[in-house]
Amino acid sequence: MTVQREWPTTILVGTDVGPENLGRIERAAPGARVSCRSCGSPAELTQAIGRNVDIIFADLLPDFVDPNGRLRWAQLMSAGIEVLRDSPAWSAPGLQITNASGVHVPAMSEYIIAMILQSTGSFAAATSFKSTRRWEDRFAIKRSPVAGKVLGILGYGSIGRRVGRLAHALGMRTLAIRRSRDREPTDQYRWPFIEAVDSGSEPAEVLTADALPRVMRESDFLAVTMPLTADTKGMVGAAELALMKPHAFIVNVSRGAIFDEGALIEALAAKRIAGAALDVFAREPPAGDNPLFHLPNVVLTPHISGVFDEYNDIATDIFITNFGRYARGEPLLNLVSAARGY
């Protein structure tokens, strides 16, 4: 049984989603009062909310939630929310917080696969033909197909699941670590066209965290897509890296602090593992003297794996989907759990 919400509802869009997306929100909530004010700080967002806003759609949380106010739901623009855990709003009574989990799925999963593929062949050497015009010995350029290789996935949520399916399509065997071996929960946002092609049995062997040593030993490639929590911080250190194959390659799009970065640098510098593609770092931006900048077997990108042109459109889709559920009194998607930390 669902309970319809009382109207009118007041929605504050606290970030610039663009006029088209703002219009979409207004059309999806014809009985609501919708306002937009780009807020650059928690204090500014708190001021904009006042006591009369029921819902916010923003990339921040307020630094104060008035217990006598009307705020009942905060939809975040981002998926990663560990930087917001110290916000007073995190534990405000009666406030539901949802994130944008699922928004990054195509961009991040495609980034991971692209980095895996580029690591398996000397594409830089091969494509230098255009500039050098030298017809080198074709057999001097080493390439190795990914078919038949093992991909380990740390974090088998929406991104990890998509990576597993793409890897399966390439003929890879996948081992995935998730909090529970149970199937991914259904209370998460899905891109409709991805869900249509990704339905069916799981392509990965799903394991729990106690199987980490096995995954590190067996993986030819390791993709890291798990959230940063107290349990995952420093999860991969020198002992875990020492288990990996000498030709293993790591792709991290999650959070740099999941690794002991010093141990990772040491393993890469000594070539105890073949290489890594890192989009995230223990400190962001990394210091200019970070040794990672000088390692030839490392690809570095500035935390862009989840950035894409349609980001605001998909984040607005998530808000509109959730608003429909909120209006009907149904459970919200992507509800953040204080106990889980994400």
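This is a predicted model: local features need pLDDT of at least 70, side-chain atom pairs count only at pLDDT 80 or more; totals for chains, interfaces and linings use all residues.
User: Why is D66 called buried, and what makes R51 partly exposed?

Analyst: Buried means under 20% relative accessible area, exposed means over 50%, and partly exposed lies in between (1.4 Å probe, protein chains only). D66 has 18% relative accessibility and therefore counts as buried, whereas R51, with a relative accessible area of 48%, is partly exposed.

User: How do you know that R51 and D66 form a salt bridge?

Analyst: A salt bridge is a side-chain nitrogen of Lys or Arg within 4 Å of a carboxyl oxygen of Asp or Glu. The closest N and O atoms of R51 and D66 are 2.7 Å apart, so the pair meets that rule. The pair links distant parts of the chain, with R51 in the loop between α2 (42-49) and β3 and D66 in the loop between β3 and β4, 15 residues apart. By this rule the count comes to nine salt bridges.

User: What makes the salt bridge of R24 with D317 a tie between separate parts of the sequence?

Analyst: The closest N and O atoms of R24 and D317 are 2.1 Å apart, and the pair forms a salt bridge. R24 lies in helix α1 and D317 in helix α11, so the pair ties together parts that are 293 residues apart in sequence. R24 is partly exposed at a relative accessible area of 23%, and D317 is likewise partly exposed at 22%.

User: Which residues are linked in a network of salt bridges?

Analyst: The network links R173, E205, R214 and E218. Within it, E205 forms a salt bridge with R214, their closest N and O atoms being 2.9 Å apart. E205 counts as partly exposed at 35% relative accessibility, and R214 counts as partly exposed at 25%.

User: What makes a group of residues a nonpolar core, and which residues have the most contacts inside the largest one?

Analyst: A nonpolar core is a set of buried Ala, Val, Leu, Ile, Met, Phe, Trp, Tyr and Cys residues joined through side-chain atoms within 4.5 Å. The largest has 50 residues, and those with the most contacts inside it are I11, F57, L151, V251, F319 and F323. A second, separate core of 34 residues includes A211, V236, A263 and I273. Contact means heavy atoms within 4.5 Å, and F319 touches I11, I25, I55, F57, W73 and Q75 when residues up to four places away in sequence are not counted.

User: Why are β2 and β5 called edge strands?

Analyst: Strands (E, at least two residues) and helices (H or I, at least four) are DSSP runs, numbered from the N terminus, and two strands pair if DSSP finds at least two bridges between them. Five strands form an open sheet in the order β2-β1-β3-β4-β5, with parallel pairing; β2 (33-36) and β5 (96-98) each pair on one side only and are its edge strands. Strand β1 (residues 10-13) is joined to β2 by four bridges, so the pair meets the requirement of at least two. Within this pairing, I11 stands opposite V34 in β2.

User: How many strands form the open sheet that includes β11 and β12?

Analyst: Seven strands form it, in the order β8-β7-β6-β9-β10-β11-β12, and the pairing is parallel. Strand β11 (residues 275-278) pairs with β12 over three bridges, and the bridge partner of L278 in β12 is L300.

User: How does the span of α11 compare with the expected value, and which strands does the helix lie across?

Analyst: The expected span of a helix is 1.5 Å times one less than its number of residues. Helix α11 has 17 residues and reaches 24 Å from its first C-alpha to its last, close to the expected 24 Å. Helix α11 (residues 311-327) lies across β1, β3, β4 (73-76) and β5, running at about 160° to β4. Axes here are lines fitted to C-alpha atoms, for helices over the stretch in contact, and angles run from 0 to 180 degrees between N-to-C directions. The buried residues of α11 include F319 and F323, and its buried residues pack against β1, α1, β3, β4 and β5.

How values were computed: Residues are numbered from 1 along each chain as its sequence is written. Side-chain values use heavy atoms; hydrogens and water are left out.
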